[in-house]
Amino acid sequence: MRTLVRNGTVYLEDRTTVTDVLVDNGLFADIGKIDYAIDGCEVIDATGLHVLPGLIDIHTHLDDTIGKYRLADTWASGSEIALRNGITTLCGFITQRPGASLAAAVDAALSMADGHSHCDYAFHLTPVSFEKGDWAYVERLLSDGFRTFKLYTTYREAGLFLDYRNLRGAMERIREMGMPVLVHCEDDALLSRAKALTAGTVTPYGHALSRPMEAEIEAVKRVMEIAVKTKCRTHVVHVSTAEGARLIAQARPDLAVTCETCPQYLFLNEDKYKETDGHSYICSPPLRSEKNRAEMWKLTHEETFDAYVTDHCAFSKSDKDADRSDYSKVPKGLPGIGALVPLMHELHNEPAVLARRLALNPAKIAGLYPRKGSIRKGADADLVIMGTQGAEREIRTSLSVVYEPYQGKTTGLEVRRVLLRGETIVEDGLLIEGKRFAGKRA
Ligand SMILES: [Zn+2]
């Protein structure tokens with residue numbers, strides 16, 4: 001089974017060039033002008049089109065229960081909107097529940113994705129008890145292909161909170177295993193203080209007041225200090241403050257530290273909370289001030305953000321509306337998967353940046369590189385062929401929710417074809433029926 005992609009503008013790790021890409025048996029077999037005869041080969045003419053590695057969103061929440069609500073998107077619906085926008089791999093989370101084993105969480109998460117995802121997938125692990133036996137199990141998981149951990153500096157009620165001393169202990173252990181850690185940075189003490197100070201403000205804007213920027217900035221500072229001490233490779237998730245992002249960038253010459261941000265912190269601001277349906281924008285970290293948003297936007301043009309992710313966490317409209325009169329009871333999260341690629345294209349208008357921040361870097365952070373994230377010989381032939389001058393279409397974050405955080409926004413980006421491990425899975429923006437549920441654990 002061979003496919004030859006002819007004459008596209010191909011985004012390689014180190015350069016962009018108009019050339020051919022040969023796919024053989026699910027892998028990239030050759031890159032360069034291919035003038036030799038190939039038998040039984042499907043030829044795709046990519047003249048005038050952009051050829052990128054399959055894109056990757058390393059931060060999504062699918063098929064899970066958060067608080068009392070079930071998420072609106074399953075692996076099937078989440079991976080469908082992903083593929084239709086050129087995303088071939090999604091990463092989710094496996095979170096140990098208080099009083100239950102990590103093994104139970106692993107089994108539950110895998111059963112949700114295996115055979116149900118159209119695109120490839122991987123998981124970050126959150127163990128919450130750090131007893132001796134748990135680490136032995138964690139090491140077994142690593143030999144079974146799990147590659148990343150996610151730890152939290154807050155969320156006491158959910159049992160996720162680690163104080164800085166325990167975080168340091170966990171990061172020491174993770175570094176000994178040679179693994180990286182993803183960290184949610186919001187200082188728990190500062191959050192508690194802000195919550196107490198703003199108690200009584202139940203409007204959606206109260207959500208922004210209850211999770212101030214200082215909480216993120218303080219936790220970033222502390223986590224950078226721990227990263228220095230432990231030498232653990234550290235990735236900061238959903239950075240929402242320009243100051244936090246700068247602190248991470250400044251730590252970089254000495255540290256293997258990376259960070260991500262999300263479209264909501266670049267395209268939306270906290271004024272949304274004052275609109276009629278302001279509660280539907282409640283997510284954590286919250287949307288920030290316009291001043292911060294504009295500074296974040298500026299930083300996207302520097303080497304500050306390594307990756308763009310969605311933190312896709314979609315709740316049905318009825319769940320979002322159920323307790324809308326009190327922000328603290330509204331489930332927190334925004335849908336985003338379907339908007340990621342169009343919005344980042346709008347921001348940069350430069351496919352090379354997408355190839356780096358939506359494929360290469362995320363693959364490295366999630367431990368998927370060099371098998372994914374790059375058009376290189378021997379890698380999985382995950383490929384997107386796209387045009388940028390298509391008919392304008394509405395941006396849609398999810399197939400499951402009826403409210404759109406980016407309502408009214410359109411894109412001329414057209415995904416002509418997506419290959420997943422060498423097989424065409426999307427044609428002209430739509431999933432091919434016969435290729436449903438083709439996803440595998442990456
Ligand atoms: Zn998240």
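**Exercise 1. The lining of the largest cavity**

Task: In this predicted model, determine how the lining of the largest cavity divides by class into nonpolar, polar and charged residues.

Solution: Begin with the search of the whole structure, which finds 1 cavity of 30 Å³ or more, and note that about 50 Å³ of space lies in the largest cavity. Next, collect the lining, which consists of Phe 28, Pro 53, Gly 54, Ile 56, Thr 88, Thr 89, Lys 372, Gly 373, Ser 374, Asp 380 and Asp 382. Sorting these residues by class, with Gly counted as polar, then gives 3 nonpolar, 5 polar and 3 charged residues for the lining of the largest cavity.

**Exercise 2. The largest pocket**

Task: State the volume of the largest pocket, and find which element gives the largest share of its lining.

Solution: The volume of the largest pocket comes to about 1200 Å³. Its lining is made up of 45 residues, of which Ile 66, Gly 67, Tyr 155, Ala 158 and Lys 332 are the closest to the centre of the pocket. Turning to secondary structure, the elements that give two or more residues to this lining are the strands β7 (65–66), β9 (87–95) and β11 (149–152), together with the helices α5 (188–197) and α6 (204–210). The largest share, 4 residues, comes from α5. By class, the lining of the largest pocket divides into 16 nonpolar, 16 polar and 13 charged residues.

**Exercise 3. Helices α4 and α7**

Task: Decide how α4 is oriented relative to α7, and list the residues that make the contact.

Solution: The axes of α4 (residues 164–176) and α7 (residues 213–230) come within 10 Å and cross at roughly 40°. Because angles under 35 degrees count as roughly parallel and those of 65 to 115 as roughly perpendicular, α4 is oblique to α7. The crossing in which α4 passes α7 is right-handed. On the side of α4, the contact is made by Tyr 164, Leu 167, Arg 168, Met 171, Glu 172 and Arg 175, and on the side of α7 by Ala 219, Arg 222, Val 223, Ile 226, Ala 227, Lys 229 and Thr 230. Sorted by class, the contact of α4 with α7 holds 7 nonpolar, 1 polar and 5 charged residues.

**Exercise 4. Helices α8 and α10**

Task: Describe the crossing of α8 with α10 and the classes of residue in their contact.

Solution: The axes of α8 (residues 242–251) and α10 (residues 290–299) come within 9 Å, crossing at roughly 30°. In the contact, Ala 242, Ala 245 and Arg 246 of α8 meet Asn 292, Glu 295, Met 296 and Leu 299 of α10. These residues divide into 4 nonpolar, 1 polar and 2 charged.

Technical notes. Residues numbered from 1 in each chain as written. Predicted model: local features only at pLDDT ≥ 70, side-chain atom pairs only at ≥ 80, totals over all residues. Heavy atoms only, no water. 1 Å grid on protein atoms, 1.4 Å probe; cavity = no way out; pocket = protein on both sides within 12 Å on 5 of 7 lines; lining within 4 Å. Points joined across faces, edges and corners; volume = space filled by probe spheres on them. Axes fitted to C-alpha atoms, helices over the stretch in contact; angles between N-to-C directions. Parallel < 35°, antiparallel > 145°, perpendicular 65-115°, else oblique. Left-handed = near helix turned anticlockwise from the far one by under 90°. Contact = heavy atoms within 4.5 Å.
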